[in-house]
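This report describes one structure, shown below.

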Amino acid sequence: MKIIEVADYEEMSRVSAQIILEKVKSKERVTLGLATGSTPLGTYKELVRDHEENGTRFDHVHTYNLDEYVGLTSSDPESYHSYMCEHLFNRVSIPLDQTNIPNGSAEELLQECLRYDSLIESIGGVDLQLLGIGQNGHIGFNEPGTSFSSKTHVVDLTPSTLEANAEYFTDLSKQPTRALTMGISIILQSKEILLLASGEKKQDALFHLLRGEITETVPASALNMHGNVTIIADSQALKLVNSLGK
Ligand SMILES: N[C@@H]1[C@@H](O)[C@H](O)[C@@H](COP(=O)(O)O)O[C@@H]1O
């Protein structure tokens, strides 16, 4: 695993955007796996800035998001669909029919999971998967205890994840408690993985990922089984690793 230690959130965002841009410019058809949450926002901002200043094109890019809340329609302002349109898709002119996000308002959720898996399997895994990490070590919405062989599935969010994500909901009574998430085995099909972590809150999760056992109790530890993972983390997120783990 390659670790790039950076000073802060801004540097993490610049470095990750650079890696994504190299991939975007590398061939005629590019597939990107995308993440939500606060961590990739700076990266998306950098991609938008580059698009505006340098005219980098995204019309050959196809995207596959990790997850979506169950019960929110794509137009719901609190859905990950809306998040992606607002922060990236609409601002770099990716054709929307080339963007894929699990449909959390599908009537048949199990069918939707199968549909999503076959989409990703049909391309043989994305070229580059961007990931954040939950404070409890989750990736996508794969909570602790999720099987490493999991495919896309419906998940009951843990109290700690609900609490960590509560700030994104104006009315907490409407915060979804379930989500659809790309499974761990599907994430591991990616040809290359880029995980971002910033801030002290992520130091335990990063310590378990980098220094702990490979265990389903820490979903991100599955990344140790993948041959092409880069972690970009700031000093705050690497605090525990640097003080205890060397
Ligand atoms: N489903 C998302 C994850 O993909 C994300 O990595 C995690 C961390 O969020 P943040 O980046 O806001 O810390 O939150 C959510 O649970």
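## The antiparallel sheet

Three strands make up an open sheet with antiparallel pairing, in the order S4-S8-S7. Strand S4 (67-69) and S7 are at the edges with a single partner strand each, so one side of each has no neighbour in the sheet. On average, neighbouring strands of this sheet are turned by 25° against each other, direction ignored; such axes are lines fitted to C-alpha atoms, and angles run from 0 to 180 degrees between N-to-C directions. Strands here are DSSP runs (E, at least two residues), as helices are (H or I, at least four), numbered from the N terminus. Two strands pair if DSSP finds at least two bridges between them.

The model is predicted: local features need pLDDT of at least 70, side-chain atom pairs count only at pLDDT 80 or more, and totals for chains, interfaces and linings use all residues. Residues are numbered from 1 along each chain as its sequence is written.

Four bridges join S7 to strand S8 (residues 178-181) in the antiparallel sense, and three bridges join S4 to S8, also antiparallel. Ala-179 in S8 is the bridge partner of Val-155 and the bridge partner of Tyr-69. In a regular strand, side chains alternate between the two faces of the sheet. S7 has His-153 and Val-155 on a covered face, and Val-154 and Asp-156 on an uncovered one.

## The parallel sheet

Seven strands form another open sheet, with parallel pairing, in the order S1-S10-S9-S6-S2-S3-S5. Strand S1 (2-6) and strand S5 (99-100) are its edge strands, and each pairs on one side only.

Within this sheet, S2 (residues 30-34) and S3 (residues 61-65) run parallel and are joined by five bridges. Gly-33 stands opposite Tyr-64 in S3.

## The nonpolar core

The largest nonpolar core has 61 residues, and Leu-131, Leu-194, Leu-195, Ala-197, Leu-206 and Ala-220 touch the most other members. Such a core is a set of buried Ala, Val, Leu, Ile, Met, Phe, Trp, Tyr and Cys residues joined through C-beta atoms within 7 Å. Strand S9 (residues 193-197) gives the largest share of this core, five residues.

Leu-194 touches Ser-16, Ile-19, Leu-128, Leu-130, Leu-131, Thr-230 and Ile-232, leaving aside residues up to four places away in sequence. Contact is defined by C-beta atoms, placed from the backbone, within 7 Å.

## The ligand shell and Gly-132

Around the ligand there are 14 residues, of which Ala-35, Gly-37, Ser-38, Thr-39 and Gly-132 come nearest. A residue counts as near if its C-beta atom, placed from the backbone, lies within 6 Å. The shell consists of four nonpolar, nine polar and one charged residue; Ala, Val, Leu, Ile, Met, Phe, Trp, Tyr, Cys and Pro count as nonpolar, Asp, Glu, Lys and Arg as charged, and the others, Gly among them, as polar.

Gly-132 lies in the loop between strand S6 (128-131) and strand S7 (153-156). Gly-132 counts as buried because it has 22 C-beta neighbours inside 10 Å; the cut-off for buried is 20 or more, for exposed 12 or fewer, and values in between are partly exposed. Beyond residues up to four places away in sequence, Gly-132 touches Ala-35, Gly-37, Thr-39, Pro-40 and Leu-196.

## Ser-93

Ser-93 lies in the loop between helix H3 (80-87) and S5. Its phi is near 50°, a positive value in a residue other than glycine. Ser-93 counts as exposed because it has 11 C-beta neighbours inside 10 Å.

How values were computed
Contact = placed C-beta atoms within 7 Å.
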